[in-house]
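Visitor: I would like to learn how to read the features of a structure, one at a time. Please give the general idea first and then the case at hand.

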Amino acid sequence: MASLSNLNQLLHINTLPVTSLNSTPSITPSTITFGLQSKNARKSILVADGLRRVVYVRATANDDDDDEWGSEPSADVAVAEVIVPESETEKLKKDLVGSFYGTARGLKAASETRAEIFELISQLEAKNPTPASTDALSLLDGKWILAYTSYAGLFPLLSSGLLPLLEVEELSQTIDSESLSVQNSVLLAGPLTTTSISTNAKFEVRSPNRLQIKFEEGVIGTPQLTDSLEIPETVEFLGQEIDLSSFKDIFTSIQNTASSVVQTISDQPPLKIPISNSYAQSWLLTTYLDEELRVARGDGGGVFVLIKEGSSLLTN
C-alpha cells in the first residue's frame, strides 16, 4: 500500500543532490527542468522546490499495488521545462557590469556614466545576500579581478599615457582566509614581456564587514617573455601621439638580443621589498558579496567592484 513514508523514501533515493527546501540560494537559475516518471500516465506526482533541483517521481493508478516502488525504471517519462524570470539581483549585476563598457575600469567614465554606475551599486548593496561578510570568509576566498573603481589614486596607474609601451592587463586581489592574507597585484604587459607588481598584507576582522589590512612587503615579479615582439603603430605619451612605424625594423633587429636578456632575468627570483612603516595600513569595507561579485569601499573614499576569477560576468 502506497504511503507518505514511501514518498519520503523515494525523495531520498530518486533525486539529484539538492539544497534544503528551506534554503534560498543567492543566485536563482533562469531555467528549471521538472521531470516526471510514471507507470500509468493517468496518475502522476510531481515534486520539486522550484529552485535548484530536478525531481523524478514514479507513481501508479492503483494504490494497492505493492510493487509501486519497484526497482525497474518506468518506460513512461514526461519532462516539463519551466522558464523562470531572471531575478532582480541577477539583472542588476548584469546591468552594472554592462555599464563598465568603455570606461577603462573607471578611468574614462563620463560623469553621467559614473552617476548611473553609482545608482546601480546602491541598488545592489540594498540587496546584499551576505550582510556580515566577515562571518562568511570562505566567500571572500580566491582571486578577484577589478572591473571598476572610482578611487582616483589608481587612475595614474590605469592611464596608459603615463606608461609608454606598457599596458595594465589586469588588477586583482587575492584573499586567503586561512592565512588571513591579502595580495594586491598589477599585471603589466609590454612588447616583449609581462611582469607583475604586488603587495602582500595580513588582515584582521574589525567588524561584520570591515577588514583592517597591514601591508608587509612589496614584490616585483620577474619578467616573463612573450611569444614575439609586438610594436604598436602609435603610442600615446603625456598626451602626445608618437608614430612608431618607422622604428619597426630597428625593434625587430634587436628582438633576439632583448629576448636573451629577458630570458636571463626571468630565471631570477622575484624582488621582495619589506614594508616596515607602521602607517602602511588600510581598511576595506565589503558592502555586497556573493559567489561571483563583490563591492568594497576603502579608506581612500573610493568604491571597488570586483568579479571572481572564472565568473561568466567577466565575459559580459
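Guide: What follows goes from the overall chain to salt bridges, nonpolar cores and the surface.

Visitor: What should I know about the model before reading it?

Guide: The model is predicted, so local features need pLDDT of at least 70 and side-chain atom pairs count only at pLDDT 80 or more, while totals for chains, interfaces and linings use all residues. Residues are numbered from 1 along each chain as its sequence is written, and side-chain values use heavy atoms, with hydrogens and water left out.

Visitor: How many helices and strands does the secondary structure of the protein chain have?

Guide: Helices (H or I, at least four residues) and strands (E, at least two) are DSSP runs, numbered from the N terminus. Here the protein chain has seven helices and 14 strands.

Visitor: What share of the residues counts as buried?

Guide: Buried means under 20% relative accessible area, exposed over 50%, and partly exposed in between (1.4 Å probe, protein chains only). In this protein chain of 316 residues, 36% count as buried. The accessible surface, computed by the Shrake-Rupley method with a 1.4 Å probe, where for residues only the protein chains shown count as cover, is about 18100 Å² for the protein chain. Carbon and sulfur atoms hold 54% of that surface.

Visitor: What part of the contacts joins residues 24 or more positions apart?

Guide: A contact means heavy atoms within 4.5 Å. Among contacts in the protein chain with a separation of 6 or more, 59% are between residues 24 or more positions apart.

Visitor: How many salt bridges does the structure hold?

Guide: A salt bridge is a side-chain nitrogen of Lys or Arg within 4 Å of a carboxyl oxygen of Asp or Glu. The structure holds nine. One of them pairs Lys127 with Glu88 at 3.5 Å, N to O. This pair links distant parts of the chain, 39 residues apart: Glu88 is in helix 2 (residues 88-98), and Lys127 is in the loop between helix 3 (111-125) and helix 4 (137-140). Lys127 is partly exposed at 32% relative accessible area, and Glu88 is exposed at 52%.

Visitor: Are Lys93 and Glu292, which also meet in a salt bridge, buried or exposed?

Guide: Both ends are buried: Lys93 has a relative accessible area of 0%, and Glu292 has 13%. Their N to O distance is 2.9 Å. Lys93 is in helix 2 and Glu292 in the loop between strand 12 (281-289) and strand 13 (293-298), 199 residues apart.

Visitor: Which residues have the most contacts inside the largest nonpolar core?

Guide: In soluble globular proteins, nonpolar side chains tend to be buried together. A nonpolar core is a set of buried Ala, Val, Leu, Ile, Met, Phe, Trp, Tyr and Cys residues joined through side-chain atoms within 4.5 Å. The largest has 23 residues, and Leu146, Leu171, Phe203 and Ile213 have the most contacts inside it. Elements that each supply at least two residues of this core include strand 3 (142-149), helix 5 (155-158) and strand 14 (303-308). Not counting residues up to four places away in sequence, Leu146 touches Arg105, Leu154, Leu171, Phe304, Val305 and Leu306.

Visitor: What does Leu96 contact?

Guide: Leaving aside neighbours within four places in sequence, Leu96 is in contact with Ile117, Leu120, Ile121, Leu124 and Val305. Leu96 is in helix 2 and is buried, at 0% relative accessibility.

Visitor: Which residues make the nonpolar surface patch?

Guide: Patches are made of residues with over 30% relative accessible area and no salt bridge; like charges are joined within 9 Å, and nonpolar side chains (Val, Leu, Ile, Met, Phe, Trp, Tyr) within 5 Å. Ile197, Ile220, Leu271 and Ile273 make a nonpolar patch of about 330 Å². Ile220 is in strand 7 and is partly exposed, at 36% relative accessible area.
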